[in-house]
Each structure stands twice: as C-alpha cells, then as structure tokens.
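Me: I would like to learn how to read salt bridges, helices and surface patches from a set of coordinates. Could we go through them one at a time, with the general idea before the case?

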Amino acid sequence: LKEFRITFDPALIEHGDFRVEAGYAAGIELLRRKPDAVFIGNYLMTVGFMRALRQYQLECPHDVGIATCDDHPWLDSFRPRLTTVNFPKYEVGREGGRLLIDTVEAGGRDGQARRSRTVVMKSALSIRESCGYELRAMRRAERA
C-alpha cells in the first residue's frame, strides 16, 4: 500500500475464524463495498467467499480478484485456479512449538515472560487465474 501511496483503510478488513461460514459472512460484508480484489486468510474461508460471490451473481476474477493462503494440490480442482501464498506448514508448527516451550521454560526460571520474537520463514506465491493477472494482462494488450 505504501509503495503505491494507497491509504490503509481498516474498514476493508473483515475478521473470521478460518471456517467456510466466516468466509461467507465476510464476503457478504465486503462485496457490498465493491472491492476490486480480496486477500483471504485460508482456503476454507475462500470457499465461503465464493458462495457469497455467487449470491451477488459475481464472478472471479472478472468482477473480483482473489488471493488466499494455503496451497494444496487439490486446489487445482477449483475454477478459476486459486492464486495462493503457501507457508511451510510443518516448519511453522515446529517453530511455534519450540517458541512456546522456550517461553514456558524461561517463565519458570525467572518468573518473567520472554519478549516476543519475530521468526521469518520463506513462503511461495503461486499466481494463477483467480487474482485476475492474466485477464488484466490480456485487457492491457488489447488496448495497446
């Protein structure tokens, strides 16, 4: 947002619990605002969001682009194929467990909770049809 000088608008964020129903409810709210695109926290909420798209008689990516987290081989069954950010799930779980154990052990020794730490892990972006990249590239080519 900073790079493109777009002001952050907290009204464009809907919170959910990573389940289908939460994606649907968030979709109903967000689609009233006519977004160009959405980023969804996981694939289950994406399923719910796509239900909301159908209710509004909208199509992805023609009307709204979608990107989500969690890449799974079976997501190729979706149409359009989903643009995803994939995190190393095993490593995230392992590191989270290690940090929890370290925190508990540190608190037990000196009575002080450890300060939070940031752990950076590699993720992978897979650009597919749902974000509308190909559609927009074709439109730009047609105009040129």
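Me: How exposed is Arg-98?

Reply: The general idea is to compare a relative accessible area with two cut-offs, under 20% for buried and over 50% for exposed, with partly exposed in between. In this predicted model, Arg-98 has a relative accessible area of 36% and is therefore partly exposed.

Me: How many salt bridges does the whole structure hold, and which parts of the chain does the pair of Arg-33 and Glu-14 link?

Reply: A search of the whole structure gives 7 salt bridges. One of them joins Arg-33 to Glu-14, with 3.2 Å between the closest N and O atoms. This pair links distant parts of the chain, since Arg-33 sits in the loop between α1 and β1 (37-40) and Glu-14 in the segment before α1, 19 residues apart. Arg-33 is partly exposed at 37% relative accessibility, and Glu-14 is also partly exposed, at 28%. Another salt bridge brings together the side chains of Asp-17 and Arg-19, at 2.6 Å from N to O; Asp-17 has a relative accessible area of 38%, which makes it partly exposed.

Me: How should I read a helix, and what covers the buried residues of α2?

Reply: One may begin with the span and then turn to burial. Helix α2 (residues 43-55) has 13 residues and reaches 19 Å from its first C-alpha to its last, close to the 18 Å expected at 1.5 Å a residue. Its buried residues include Tyr-43, Phe-49, Met-50 and Leu-53, and their cover includes α1, β1 and β2 (65-69). After α2 comes Gln-57, whose phi is positive, near 55°.

Me: Which residues make the nonpolar surface patch?

Reply: The patch of about 560 Å² is made by Leu-1, Phe-4, Ile-6, Phe-8 and Ile-13. Phe-4 lies in the segment before α1 (20-31) and, with a relative accessible area of 63%, is exposed.

Key
Residues numbered from 1 in each chain as written. Predicted model: local features only at pLDDT ≥ 70, side-chain atom pairs only at ≥ 80, totals over all residues. Heavy atoms only, no water. Patch = residues over 30% accessible without salt bridge, like charges linked within 9 Å, V, L, I, M, F, W, Y side chains within 5 Å. Areas by Shrake-Rupley, 256 points an atom, 1.4 Å probe, with all protein chains shown as cover. Salt bridge = Lys/Arg side-chain N within 4 Å of Asp/Glu carboxyl O. Helix = DSSP H or I, 4+ residues; strand = E, 2+ residues; numbered from the N terminus. Buried < 20%, exposed > 50% of the residue type's maximum accessible area, 1.4 Å probe, protein only. Expected span 1.5 Å × (residues − 1). Contact = heavy atoms within 4.5 Å.
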